[in-house]
Amino acid sequence: MSLTSIFDFLVLAAIWGASFLFTRIAVVEFGPLPTAAMRVLVAVLFLLPLVWWRGLAPEFRRHWKKIAVVGMVNSGIPFALYSVALLSITTGLSAILNATVPLFGAVVAWAWLGDRLTGSRVLGLVLGFAGVAMLAWDKAGFRPEATGTAAMLAIGACLLATLCYGIAASASKRYLSGIPPLITAAGSQFGATLGLALPAALLWPAQMPRVEAWMAVVLVGIFCTGIAYILYFRLIEQAGPSRAIAVTFLVPVFALGYGAVFLGEPVTAWMLTCGTVIVLGTALSTGLVKLPARARL
């Protein structure tokens, strides 16, 4: 990776780590679907003027339909699922579960694109899913007011969201290669906005959300979505999808810190242990870390 890509990688991890904090603040006031819809709408309002300013409007019109479909899978559905989950689990736990994105990405790439799974990668898949099971078995990271059923459903929502990310990564590689990152970012958020608009309108809160909630959706929309997806798709173009998607390894580090400092959320030894197992499994499953030749399956 070039120095520019490394810088983008670190900035993206810090920004995406903050997305869990901002979403948690907003979802309490807006509700899950309106929060997700406002996030992508703000991102669209930020990105589309940039598309026009850069003279990319004709190319946007040429590709927007297929990008919009990928965007619903890559943004609309996952953002809604994480908004639901954050009502029952902490931002730190949700970010640790988000680290399984490359894990699902490896499975989808194997099933869809024929990406070969070596012994190291199979071991990584087993380790990664074992780490998730360890997290689900324990109540570390569950909110005190959440019932056991609600917390387990929240974990399921996070895993379904990461599966969507894995599907979208392979879809982007197959259908969106060569399209400028700004167009891909804008088009994906545009598609997510179209998909979430009606459900969000029907579930709009009866009471006007507070200023803090509005500030949270603006920040998560501009920084954690608009700017973040430009960086993400640029990383895919410059460093490849496997390295770009590995940014989820660092996201929990920032998210745990933000949650502890700003929300007073506990960071337990069990969460850190399970997170380490998940990250190790994910690193193996994506091929970023390989076993020594004699130790391979």
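**Entry 1: H5 and H7.** I looked up how helix H5 (residues 101–113) packs on helix H7 (residues 148–175) and found an angle of about 50 degrees, with their axes 8 Å apart. This is a predicted model, in which local features need pLDDT of at least 70, side-chain atom pairs count only at pLDDT 80 or more, and totals for chains, interfaces and linings use all residues. Residues are numbered from 1 along each chain as its sequence is written, and side-chain values use heavy atoms, with hydrogens and water left out.

I noted that helices (H or I, at least four residues) and strands (E, at least two) are DSSP runs, numbered from the N terminus. Axes are lines fitted to C-alpha atoms, for helices over the stretch in contact, with angles from 0 to 180 degrees between N-to-C directions. H5 and H7 are therefore oblique to each other; under 35 degrees counts as roughly parallel, over 145 as roughly antiparallel, 65 to 115 as roughly perpendicular, and the rest as oblique.

I then listed the contact (heavy atoms within 4.5 Å). On H5, the residues include Phe-104, Val-108 and Trp-112, and on H7 they include Leu-159, Leu-163 and Ile-167. By class, this contact has twelve nonpolar, four polar and two charged residues. Ala, Val, Leu, Ile, Met, Phe, Trp, Tyr, Cys and Pro count as nonpolar, Asp, Glu, Lys and Arg as charged, and the others, Gly among them, as polar.

**Entry 2: H2 and H9.** I found that the axes of helix H2 (residues 32–53) and helix H9 (residues 211–239) come within 8 Å and cross at roughly 50 degrees. That makes H2 oblique to H9. Among the residues in contact are Phe-46 and Leu-50 of H2, and Trp-214 and Ile-230 of H9. The residues of this contact divide into 14 nonpolar, three polar and one charged.

**Entry 3: H4 and H11.** I recorded a crossing of roughly 175 degrees for helix H4 (residues 91–98) and helix H11 (residues 251–262), whose axes come within 8 Å. H4 and H11 are therefore roughly antiparallel to each other. Their contact includes Ala-95 and Ile-96 of H4, and Ala-255 and Leu-256 of H11. I counted six nonpolar, four polar and no charged residues there.
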